[in-house]
Amino acid sequence: PWLCRETKLGDKVLYNCTEYDPVYVVEENRCPVGAAYVAKSSVPQIDGCTDLDNCVLNESPQCLCRPACDMASLTPPGTCNELGKCCQTICEGYSKADLFPSPNQPRCGRLIDPIGKNWCDGDLDQKWTLTSMTGQLTVQVFENASAKLVHSYMGSAPSFDVVNNPAMSAAERALLDSVFHPGGRDSPAEDLFALRLQGPGTTERAAGQFIWTRSLRNLVVRGWVLGVASFGLLEPDRAESFSQLNPAFCPAVVTGSEREITEEQSKRLVQQKLLLEDAITNVGNITKALPFLSLLSFIPIGENPRTFVANPVTNEIDISVVVPFDEGLIVAIFGLAFGVPVVATIIMLVICFRISNKRLLRYRKDKILEEQVSNNIGTALRRGRDTIQDEQEFMA
């Protein structure tokens with residue numbers, strides 16, 4: 001056999017053919033004895049980190065970072081540092097601008113109205129110089145403090161949010177898979193599993209947490225209620241995981257308080273839910289479906305749980321509040337499961353009390369009767385003795 005390579009030279013196509021020797025190819029592809037790899041073709045090709053002659057791969061943090069950073073064609077391009085962190089330069093250099101509180105202002109007002117608009121380029125009354133060695137600076141001016149805040153990113157038009165597609169790295173997905181699917185199971189061994197996300201813009205722990213639960217029952221009837229009702233015997237087991245988002249949300253902070261879920265926060269909750277659901281169901285090329293009746297929900301601190309339901313009209317995901325008494329069947333089963341034993345126990349206690357009370361009364365009556373008989377016998381004996389003494393004294 002021959003191995004040919006095509007070469008274009010103008011309008012002509014030239015072929016450079018050499019005789020193909022499979023034995024030679026196998027020998028050339030074989031790694032030296034004692035190398036970590038058997039064949040050179042199996043050695044990862046990382047620029048500046050791979051020595052194919054000796055089948056050696058530099059496993060420093062910087063080299064291990066490069067496939068997902070330097071070689072990933074990121075926009076903007078990324079560069080791994082010595083610590084294995086992927087660094088991207090979003091903005092660089094210094095910029096200069098004239099800021100106006102009102103839109104559509106002329107750059108040089110003197111050309112229009114020298115008295116009423118006495119300004120021109122670079123000649124405003126107030127001037128600031130702001131510098132930053134790392135990160136980005138954003139500066140805006142408003143006519144009043146209540147104006148809506150907007151953001152500008154990479155020179156684009158001002159917008160409130162930055163669409164940067166929050167994601168979880170392959171390493172974080174693998175770690176989450178090992179915890180959520182222990183031993184290859186389709187779900188955790190526990191009934192409640194907390195999925196915590198870390199990174200800018202993720203939901204703070206003080207606001208609530210995402211919970212995977214085996215059944216809606218665990219959201220309707222809280223765990224502490226089961227624990228109190230069963231002295232801890234039926235309280236569901238819990239576990240948790242921590243995953244880092246990279247990239248995360250930008251801007252990191254949206255309007256609203258820690259305990260109040262606003263519209264912007266609701267959108268981010270849906271994004272985080274979809275991201276977590278994708279991470280625990282799609283592991284590499286393997287799809288692991290969640291068990292039937294299990295669900296991923298969000299439980300705010302001090303409020304009713306939230307579930308995520310697909311809206312058939314808008315084809316979007318809505319957030320629904322779980323109200324315990326709306327789930328009448330679950331509440332009824334719980335009431336029967338714990339109410340019947342409680343009522344039965346009370347009835348048994350009342351019956352036992354009445355039986356014990358009757359026996360106690362009968363016992364007391366018997367003891368009183370015994371005491372009366374004993375007293376009567378004692379009285380009769382004393383009277384008999386007195387009578388005998390009187391007769392003896394009379395005879396004397």
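This report describes the chain as a whole, its nonpolar cores, its aromatic pairs and one patch on its surface.

## The chain as a whole

The structure is a predicted model. Its chain has 396 residues, and 23% of them count as buried. The secondary structure comprises seven helices and 14 strands.

Among contacts with a separation of 6 or more, 47% are between residues 24 or more positions apart.

## The nonpolar cores

Which residues have the most contacts inside the largest nonpolar core? They are Met168, Leu195, Phe210, Leu245 and Leu276, in a core of 20 residues. Two or more residues come from each of the elements α3 (170-180), β7 (192-198), β8 (208-213), α6 (263-281) and β12 (295-300). Helix α6 gives the most, with six residues.

Leaving aside residues up to four places away in sequence, Leu245 touches Pro166, Ala167, Met168, Leu197, Gln198, Thr202 and Leu275.

## The aromatic pairs

The whole structure contains four aromatic pairs. In one of them, the ring centres of Phe180 and Phe193 are 5.3 Å apart and the planes stand at 90°, so this pair is edge-to-face; an angle over 60 degrees is what counts as edge-to-face. Phe180 belongs to helix α3 and Phe193 to strand β7, so the pair ties together parts 13 residues apart in sequence.

Phe180 also pairs with Trp212. Here the centres are 5.6 Å apart and the planes are at 80°, so this pair is edge-to-face too. Because Phe180 lies in helix α3 and Trp212 in strand β8, the pair ties together parts 32 residues apart in sequence.

Phe180, Phe193 and Trp212 form one aromatic cluster. Are its members buried or exposed? Phe180 and Phe193 are both buried, and Trp212 is buried as well. The relative accessible area is 0% for Phe180 and 0% for Trp212.

## A patch on the surface

Val343, Ile347, Met348, Ile351 and Ile355 form a nonpolar patch on the surface. Together they have about 450 Å² of accessible area.

Ile355 is located in helix α7, which covers residues 328-395. Its relative accessible area is 42%, so Ile355 is partly exposed: the value falls between the limits of 20% for buried and 50% for exposed.

Technical notes:
Residues are numbered from 1 along each chain as its sequence is written. This is a predicted model: local features need pLDDT of at least 70, side-chain atom pairs count only at pLDDT 80 or more; totals for chains, interfaces and linings use all residues. Side-chain values use heavy atoms; hydrogens and water are left out. Patches are made of residues with over 30% relative accessible area and no salt bridge: like charges are joined within 9 Å, nonpolar side chains (Val, Leu, Ile, Met, Phe, Trp, Tyr) within 5 Å. Accessible areas come from the Shrake-Rupley method with a 1.4 Å probe; for residues, only the protein chains shown count as cover. A salt bridge is a side-chain nitrogen of Lys or Arg within 4 Å of a carboxyl oxygen of Asp or Glu. Helices (H or I, at least four residues) and strands (E, at least two) are DSSP runs, numbered from the N terminus. Buried means under 20% relative accessible area, exposed over 50%, partly exposed in between (1.4 Å probe, protein chains only). A nonpolar core is a set of buried Ala, Val, Leu, Ile, Met, Phe, Trp, Tyr and Cys residues joined through side-chain atoms within 4.5 Å. Contact means heavy atoms within 4.5 Å. Rings of Phe, Tyr and Trp (its six-membered ring) pair if their centres lie within 6.5 Å; planes under 30 degrees apart count as stacked, over 60 as edge-to-face and the rest as tilted.
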